[in-house]
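Please read the following points alongside the sequence and the model.

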Amino acid sequence: MKKIRIAVTGAAGQIGYSLLFRLVSGEVFGKKAEIELSLIEVPQLLGALKGVVMELEDCAFSCLKKVLVTDQVEKGFEGADWAVLVGGVPRKAGMERGELLTINGSIFLGQGKAIDQYADKNCRVLVVGNPCNTNAYIVKSVCRRISEQNFFALTLLDQNRAVAQLAMKAGADVKSVSRLAVWGNHSATQYPDFDNALIDGKPVSEVIKDKQWLKTTFIETVQKRGAAIIEARGKSSAASAANAIIDAIKKVISPTPQGEFFSMAVASDGSYGIDKGLMFSFPIVSNGESWEIVKDIPLNAFSKQKIQESLEELKMEKMEVSRLFV
Ligand code: NAX
């Protein structure tokens, strides 16, 4: 069996601690998989990361064959089949969004160049570190050797959040909620599309009669969930983010069940009027090898307007990072 080499940046961070153990447990790639982990961190945290490695050893996971710890991207991404880019600088008090974009943008630019040069040519890249859509756009733009199909930014956490909110409101099981797509940017402009979602096979608006709640409270709760968690917990979401990463990888490598789809920011092919190449969250389906955007989702005027707002934000972010490429 071919070894799977997974590189994870920001591995000593909060998400890393919830993610690494599940990545190598057999849950994602199967119990027979042979996994080599490559953990990339800033030099100051390599010591702490060694502690995480000791814990990984103490789990005696049969799938885990090797762990490399490094602060060198060249070594870290060498031969990677998956690059999960979690690391980045968090937004600090008083920091403008543009400043955050530039600081993290240059980190992702460097990582993208290293992935292009050292990773396997079929490497799949999942960007989690924020602003994840634009960071993924940067990485994709500098990776000339790797197909555009192989780049993703995580919006499945947003989908999971939206599904849970609808289920709670309807008093239904989360399993009964289907076809919930999150469109756009992983930010407060994202649009969780309740209009095309189903609860027990029925349109959401037939089950949840409170249209005003759907159009306002529901959307805002999903859009601002990250901030609400920071306020309550004093730290940003980590376990739920790691869970969504696990879900996302599984969904990419498995055929999507008939009639279902999932949300992921991928390179737009121009569908729904979204600028080609922009990393935009769409409903997608996978056949286990490649994916495509679901093309026939009817969008009403309300949905179109919400999607447009998120598109405008992403275009602005793209413009702000364009100076990194010169
Ligand atoms: P932490 O601050 O706990 O961890 C980030 C880690 O990245 C730190 O250990 C830091 O040393 C490391 N790092 C910084 N620069 C690096 C570099 N150049 N190379 C390698 N490692 C580097 O943050 P955590 O809570 O783990 O969140 C990580 C990122 O995920 C943040 O950008 C956060 O905003 C983003 N999120 C994205 C989500 C999504 O759905 N897309 C949801 C959760 C989360 O907010």
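1. A60 lies in the loop between α2 (46–58) and β3 (64–70), where helices (H or I, at least four residues) and strands (E, at least two) are DSSP runs, numbered from the N terminus. Although A60 is not a glycine, its phi is positive, at about 50°. With a relative accessible area of 64%, A60 is exposed (exposed means over 50%, buried under 20% and partly exposed in between, with a 1.4 Å probe and protein chains only).

2. On the basis of these remarks: this is a predicted model, in which local features need pLDDT of at least 70 and side-chain atom pairs count only at pLDDT 80 or more, while totals for chains, interfaces and linings use all residues. Residues are numbered from 1 along each chain as its sequence is written, and side-chain values use heavy atoms, with hydrogens and water left out.

3. R179, in the loop between β7 (177–178) and β8 (181–183), is not a glycine either and has a positive phi of about 50°; at 27% relative accessibility, R179 counts as partly exposed. A cis peptide bond, with omega about -5°, joins N130 and P131, and P131 is placed in the loop between β5 (124–127) and α5.

4. Helix α4 (residues 97–118) packs against helix α5 (residues 132–142) at an angle of about 35°, and their axes are 8 Å apart (axes are lines fitted to C-alpha atoms, for helices over the stretch in contact, and angles run from 0 to 180 degrees between N-to-C directions). Among the residues of α4 that meet α5 are L101, F108 and I115, and the α5 side includes I138 and V142, contact meaning heavy atoms within 4.5 Å.

5. The structure holds 11 aromatic pairs, that is, rings of Phe, Tyr and Trp (its six-membered ring) with centres within 6.5 Å, where planes under 30 degrees apart count as stacked, over 60 as edge-to-face and the rest as tilted. Y137 and F325 are edge-to-face, because their ring centres are 6.4 Å apart and their planes stand at 90°. Y137 lies in helix α5 and F325 in the segment after α11 (301–321), so this pair ties together parts that are 188 residues apart in sequence. Y137 is buried at 15% relative accessibility, whereas F325 is partly exposed at 36%.

6. F194 and F218 also form an edge-to-face pair, at 6.2 Å centre to centre and 85° between the planes. F194 is buried at 8%, and F218 is buried at 0%. Ring pairs link Y191, F194, W213, F218 and F302 into a cluster.
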